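Here are a few notes to read with the model open beside you. Take the points in any order you like.

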Amino acid sequence: MTDHQTASSAYFKSLPQARYEGPDSKNDFAYRYYDKNQVVMGKTMEEHLRLSVCFWHTFCWDGSDVFGAGGFNRPWHQMDDPKAAAKAKREAAFDLFNLLDLPFYSFHDVDVMAPAETAQEHVASLSEAVDHLEELMASSGRKLLWGTANNFSHPRYMAGASTNPNPEIAAFAGLQVREALNATHRLGGANYVLWDGREGYDTILNTNIGQELDQLGKFLALVVEHKHKIGFTGDILIEPKPHEPTKHQCDSTVQTVHSFLQRYGLEGEVRVNIEANHATLAGLSFEHEVDMAFALDIFGSLDLNRGDPQNGWDTDQFPNDMREMTLMMKSILSAGGMKNGGMNFDAKVRRQSIAAEDLAQSHIGAVDLIARALLNAEAMINDGRLDQFKEQRYAGWKDGIGAKMLAGSTNLDEVADFALSSNHAPAPVSGRQEWLENVVTQLVR
Ligand code: XUL
Ligand code: CO
């Protein structure tokens with residue numbers, strides 16, 4: 001990858017190249033644990049983690065929040081010509097991808113193109129951006145983890161995209177998805193994501209929820225059909241989130257997405273992109289959502305970030321919890337590792353972190369966290385105590401009446417008669433939670 005690197009914009013020019021220097025390095029731009037070529041359980045770290053930098057938080061956001069204006073003053077935010085600004089932003093983005101030496105990136109259509117108002121302008125502007133992205137990818141060797149359409153920011157989507165009461169707006173959303181999916185296909189993207197930010201309601205008083213679910217289900221079927229029509233071999237992913245910006249979002253959690261896919265006959269066609277902060281917003285843990293996705297066989301990819309436990313919204317901070325990341329990595333390794341998916345930093349620096357180096361160091365720290373979590377997870381698997389405990393806890397279901405119940409080859413009379421004939425009170429055993437937590441503490445470094 002390093003052979004292809006190009007550096008064209010001035011913004012990151014004063015920053016050094018990030019590379020692996022080992023745990024004792026004193027360099028703030030060095031990786032201490034992420035050695036992309038280090039082999040862990042048969043694959044390099046780079047292949048395991050498939051790390052990705054996102055366009056939106058890192059290059060599009062100007063630092064504004066609902067109470068105040070942006071203070072980042074990135075050069076591409078200061079330019080008057082929107083086309084030149086979009087081009088400068090794309091160039092700066094690839095400079096950071098190269099500086100970090102991570103294999104993947106992700107984008108929404110509107111992140112990479114000059115703003116457009118009409119449908120025709122949208123198509124032309126995105127197409128110009130994709131031509132340029134193709135060149136930047138060829139010269140840098142960076143790859144696309146996923147593309148997506150932003151069907152939530154423009155005011156036309158205030159009442160939803162595919163779930164809008166006005167089908168003309170749903171059609172506009174269809175245009176954006178077709179163009180973004182075609183672009184993702186052309187750029188060799190590994191996945192295509194749909195985050196349905198406005199597909200929900202602010203008040204049930206004005207919402208026909210049954211009809212909106214049908215609109216969303218039928219729309220998703222069109223996306224899947226188009227994927228096959230153009231021969232896109234990546235996965236289509238839905239990104240669950242319970243609320244924000246809407247009060248209620250249709251695809252709240254991994255489990256609700258799974259039920260939704262079953263209802264609309266899309267099982268086997270669509271997987272999930274799980275975001276840590278969306279899980280916690282739903283009152284769930286990241287590990288829960290990851291385990292649930294593997295259990296339901298819809299695991300796709302990950303958006304890495306974290307919330308702030310003291311405030312309840314999607315703060316999209318860079319991850320920093322080794323225990324959480326280790327348990328998540330353990331689930332991934334135990335399930336056979338990443339396939340098309342990867343780990344996308346859907347994370348942003350804080351509003352006061354206005355320097356170019358903040359953009360680099362936020363990623364470098366999080367990359368090291370994940371690399372260390374991978375090593376911890378490997379140690380957990382080799383240690384074996386956690387897996388053995390679970391295995392032995394369910395051993396009774398391997399034969400006898402347990403196996404029959406699981407196979408669905410018995411009836412309630414037989415089950416009840418088994419209890420009667422054995423005629424003893426089955427004894428509870430310890431779940432050993434504290435001991436299990438001790439084992440985790442011993443193995444998280
Ligand atoms: C919003 C969110 C999005 C998706 C892509 O909370 O996570 O950035 O990842 O649309
Ligand atoms: Co996300």
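Which residues does Lys 83 touch, not counting residues up to four places away in sequence? Point 2 has the answer.

1. Ground rules. This is a predicted model, so local features need pLDDT of at least 70 and side-chain atom pairs count only at pLDDT 80 or more, while totals for chains, interfaces and linings use all residues. Residues are numbered from 1 along each chain as its sequence is written, chains are lettered from A and ligands numbered from 1 in the order in which they are written, and side-chain values use heavy atoms, with hydrogens and water left out.

2. Lys 83. Leaving aside residues up to four places away in sequence, Lys 83 touches Ala 114 and Glu 128, where contact means heavy atoms within 4.5 Å. Lys 83 lies in helix 3; helices here are DSSP runs of H or I with at least four residues, strands are runs of E with at least two, and both are numbered from the N terminus. With a relative accessible area of 47%, Lys 83 is partly exposed. On that scale buried means under 20% relative accessible area, exposed means over 50%, and partly exposed is in between (1.4 Å probe, protein chains only). If you want a sense of distance, Lys 83 and Ile 236 are 153 residues apart in sequence and 30 Å apart in space, C-alpha to C-alpha.

3. Helix 7. Have a look at residues 209–230, the 22 residues of helix 7. From first C-alpha to last, helix 7 reaches 32 Å, close to the 32 Å expected at 1.5 Å a residue; the expected span is 1.5 Å times one less than the number of residues. Its buried residues include Leu 216, Gly 217, Phe 219, Leu 220, Val 223 and Val 224, and also Glu 212, His 226 and Lys 227. What covers them? Among the elements that cover the buried residues of helix 7 are helix 6 (167–186), strand 6 (191–194), strand 8 (235–238), helix 8 (254–263) and strand 10 (270–275). After helix 7 comes Gly 231, with a positive phi near 80°.

4. Strand 6. This strand, one of those covering helix 7, is itself covered on both faces. Asn 191 and Val 193 are buried on one side, and Tyr 192 and Leu 194 are buried on the other. In a regular strand, side chains alternate between the two faces of the sheet. Strand 6 pairs with strand 5 in the parallel sense over 3 bridges (two strands pair if DSSP finds at least two bridges between them). Thr 148 stands opposite Val 193 in strand 6.

5. The cobalt site. Which residues hold the cobalt ion (ligand 2) as protein donors? They are Glu 239 (OE), Glu 275 (OE), Asp 303 (OD) and Asp 346 (OD), lying 1.9 to 2.1 Å from the ion. Donors are N, O and S atoms within 2.8 Å of the metal (3.2 Å for Na, K and Ca); water is not among the atoms, so sites may look incomplete. The arrangement is octahedral because the 6 donor atoms subtend angles of 80 to 172°. For six donors, octahedral means opposite donors over 155 degrees apart and all others between 65 and 115. The sequence spacing of the donor residues is E-x35-E-x27-D-x42-D. Glu 239, in the loop between strand 8 and strand 9 (248–249), and Glu 275, in strand 10, link distant parts of the chain, 36 residues apart. Both Glu 239 and Glu 275 are buried.

6. Salt bridges. The count comes to 15, a salt bridge being a side-chain nitrogen of Lys or Arg within 4 Å of a carboxyl oxygen of Asp or Glu. Arg 142 and Asp 101 form one of them, at 3.1 Å, N to O. This pair links distant parts of the chain, 41 residues apart: Arg 142 is in the loop between helix 5 (119–140) and strand 5 (143–148), and Asp 101 is in the loop between helix 3 (82–100) and strand 4 (104–108). Arg 142 is buried at 2% relative accessibility, and Asp 101 is buried at 8%. Lys 36 joins Asp 101 and Arg 142 in a network of salt bridges.

7. Two more pairs. Lys 241 and Glu 244 meet at 2.9 Å, N to O; Lys 241 is buried at 3%, whereas Glu 244 is partly exposed at 29%. Glu 414 and Lys 404 meet at 2.5 Å, N to O, linking helix 15 (residues 412–422) with helix 14 (residues 400–407).

Conventions
Four donors count as tetrahedral if all angles lie between 85 and 135 degrees; four count as square planar and six as octahedral if opposite donors are over 155 degrees apart and all others between 65 and 115; anything else is irregular.
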